[in-house]
Amino acid sequence: MTLAHDIQRCFDQGWTDGLPVIPPYVSHVDRMLDAMGWSSADVAGELKALGLEVRAEQVAATAVMAGCKPEYGSLLRALAEALLVPEFNLAGAAVTTGGPGILVIVSGPVVSELEFSHGANALGAGVRANATVGRFAGLMRTFCGRAGGVLEEFGTLGHPGRLGFCVAEHPADTEWAPFHTQFGLAPADSAVTIMATEGPNSVNNHYADSGVKVLETIADCIAHYGSTSYYWRGFGNPRRSGYLTVLSPEHMALVAKDFSRDAARRFLFEHSVRSTDELVRLGRLPRESRPEFRVELGAPRGPVGLEEQLTFVESGCAGGRFSAVIPGWVGNYTVSRKVGS
Amino acid sequence: MNPIAQSECDADCEMLVSPIPRPKVPAFKVAQRAARRGVYFVDTWKPNSLAILSRTRSLLEERGISTVALWSKQDPSRPLTPPELDRVVRESEGTLVLIGVADCGSCSSSSSLDSIFLQQRGVVALPVLTAPFADVLPRIQSIWQSDGAIPSIVLEHPIQALGAGDIERRAQELLCNLEQFLP
């Protein structure tokens, strides 16, 4: 028996995201379990609505298959526990026509400790920590979110981030407080945060000379007519995933001159709007809307119902003036967990 | 230790650990016909779902068939919450429970699971799906063991961009299909 044979066995069993996996040999899984602080008999979490009990051993096997190092153990445990929070709706993310990936946002000292890339190509870094941790979340969605393979995936298009989608924030010298402080964690913490999201929309602005102009450009991107959430708008729940803006250093320098984070959030909330009448004309809103959705002809309308659904992360490298908007999937809650106890 | 670095020396005889959890659910009996000639609707919130169900309710009432309730679940992309399930069990009283209209991946999966959870509690519950999602329930039932298949009612897709005439047609289609499940 060879390694190549075992990789093929994994394909044959459906233990794959389409790419070859590291075969989950029991010795490797045991090392990963130790690193995660679990034993093989432990239960990592339950998805009661699917009748699923997810054993720690299955989570560790998934981490091995994704190519994660055991050194990532405490981060992976926090990430797995976040994925198995029922409100996150892992199954919904797996099967929805919206086809979201699981975006993993890593922030705090753990970014340096585990050597996550937060510079060049931050949203698609060819670095082991980013690539394998993002892949782990995607494999968990496939293995657990589909309830043992019984639920069918219906993503109309999906996006490349379904294979793995991880961004790390700069661990130092950010203009604003660390990303995870937007979710109630302390600035000094390390954290992992997850959202089910569409792919990133690039926001190019090389000639703006103020933060206002940068944010106006970002607001336009959030509010484009195809923007995902115009009807549901997160059900008015601040924990529902909204829109994450990834601010690159040169945009951030301009924005930070003019805005605090709260002020920038307020600005985007107020400026990310379109004409409701046009949204109805184009078919982005139903002609007959339910009253709960408060569709008011003649008024502007944005794709988020609450400004708390707008968040920011600082990442990427200097040299270009590109930021990104990442739209969340409305059926999902953002979940943030401290790494380590 | 780096897992891939170890694989050369211990690949010969090592067991592979499955990463996939399987549902653990008790076997249950399926009822396909309501005890009472009435219908209980749970709406999915999807655009036009409520309009189709409301029109179906009117058509039923024109034929002397009572509607016990029509309300919307909290979230189309998730199964009914335990309090919502309790409510259906408490209120449906032997009528036919229809959960729909589901016209997307997550709401079809959720509505199908809802029908299973309610059947497990002795309620005659069926999902109302649309054609692209018609296979969702049989797939789930391939693992969730029961003494028979839960039927589903399948309507034409889509439901989200319909005029009044199409809503009427979907409601008539639903009406025709549900009759077989009433006593």
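In chain A, strand β1 (residues 43-47) and strand β2 (residues 52-55) run antiparallel and are joined by four bridges. They form a hairpin with four residues between them, and G51(A) in the turn has a positive phi of about 70°. Within this pairing, E46(A) stands opposite E53(A) of β2(A). The model is predicted: local features need pLDDT of at least 70, side-chain atom pairs count only at pLDDT 80 or more, and totals for chains, interfaces and linings use all residues. Residues are numbered from 1 along each chain as its sequence is written, chains are lettered from A and ligands numbered from 1 in the order in which they are written, and side-chain values use heavy atoms, with hydrogens and water left out.

**Terms for strands and helices**

- Helices (H or I, at least four residues) and strands (E, at least two) are DSSP runs, numbered from the N terminus.
- Two strands count as paired if DSSP finds at least two bridges between them.

**The open sheet of chain A**

- Four strands of chain A make an open sheet in the order β4-β3-β5-β12, with mixed pairing.
- The edge strands are β4 (165-168) and β12 (335-338) of chain A, each of which pairs on one side only.
- From one strand to the next, the twist averages 20°; axes are lines fitted to C-alpha atoms, for helices over the stretch in contact, and angles run from 0 to 180 degrees between N-to-C directions.
- Strand β3 (residues 101-107) of chain A pairs with β4(A) in the parallel sense over four bridges.
- One point of this pairing is L103(A), whose bridge partner in β4(A) is F165(A).
- In a regular strand, the side chains alternate between the two faces of the sheet.

**Helices on the sheet**

- Helix α4 (residues 73-83) of chain A lies across β3, β5 (191-197) and β12 of chain A, and runs at about 40° to β5(A).
- Helix α7 (residues 128-145) of chain A also packs on the sheet, touching β3 and β4 of chain A (contact means heavy atoms within 4.5 Å), and its direction makes about 140° with that of β3(A).
- Buried means under 20% relative accessible area, exposed over 50%, and partly exposed in between (1.4 Å probe, protein chains only).
- The buried residues of α4(A) include G73(A), L75(A), L76(A) and L83(A).

**Salt bridges within the chains**

- The whole structure holds 28 salt bridges over all chains, a salt bridge being a side-chain nitrogen of Lys or Arg within 4 Å of a carboxyl oxygen of Asp or Glu.
- In chain A, the side chains of K213(A) and D209(A) meet in a salt bridge of 2.8 Å from N to O; K213(A) is partly exposed at 40% relative accessible area, and D209(A) is exposed at 57%.
- R281(A) forms a salt bridge with E278(A), with the closest N and O atoms 2.9 Å apart.
- Both R281(A) and E278(A) lie in helix α11 (residues 276-282) of chain A, three residues apart, about one turn of the helix.
- An α-helix has 3.6 residues a turn, so residues three or four places apart point the same way.
- R281(A) is exposed, with a relative accessible area of 58%, while E278(A) is partly exposed at 27%.
- In chain B, E91(B) forms a salt bridge with R87(B), the closest N and O atoms being 3.2 Å apart.
- E91(B) and R87(B) are four residues apart in helix α3 (residues 82-92) of chain B, about one turn of the helix.
- Both are partly exposed: E91(B) at 26% relative accessibility and R87(B) at 30%.
- R55(B), E62(B), R63(B) and E168(B) are linked in a network of salt bridges.

**The interface of chain B and chain A**

- The contact takes 51 residues from chain B and 63 residues from chain A.
- About 4500 Å² is buried between chain B and chain A, of which carbon and sulfur atoms give 62%; buried area is the accessible area (1.4 Å probe) that two parts lose on being put together, summed over both.
- Three salt bridges are found across the interface.
- A salt bridge joins the side chains of E53(A) and K24(B), at 3.7 Å from N to O.
- The elements that give two or more residues to the side of chain B that touches chain A are α1 (3-10), α4 (105-120) and α5 (136-141) of chain B.
- Of these, α1(B) gives the most, with six residues.
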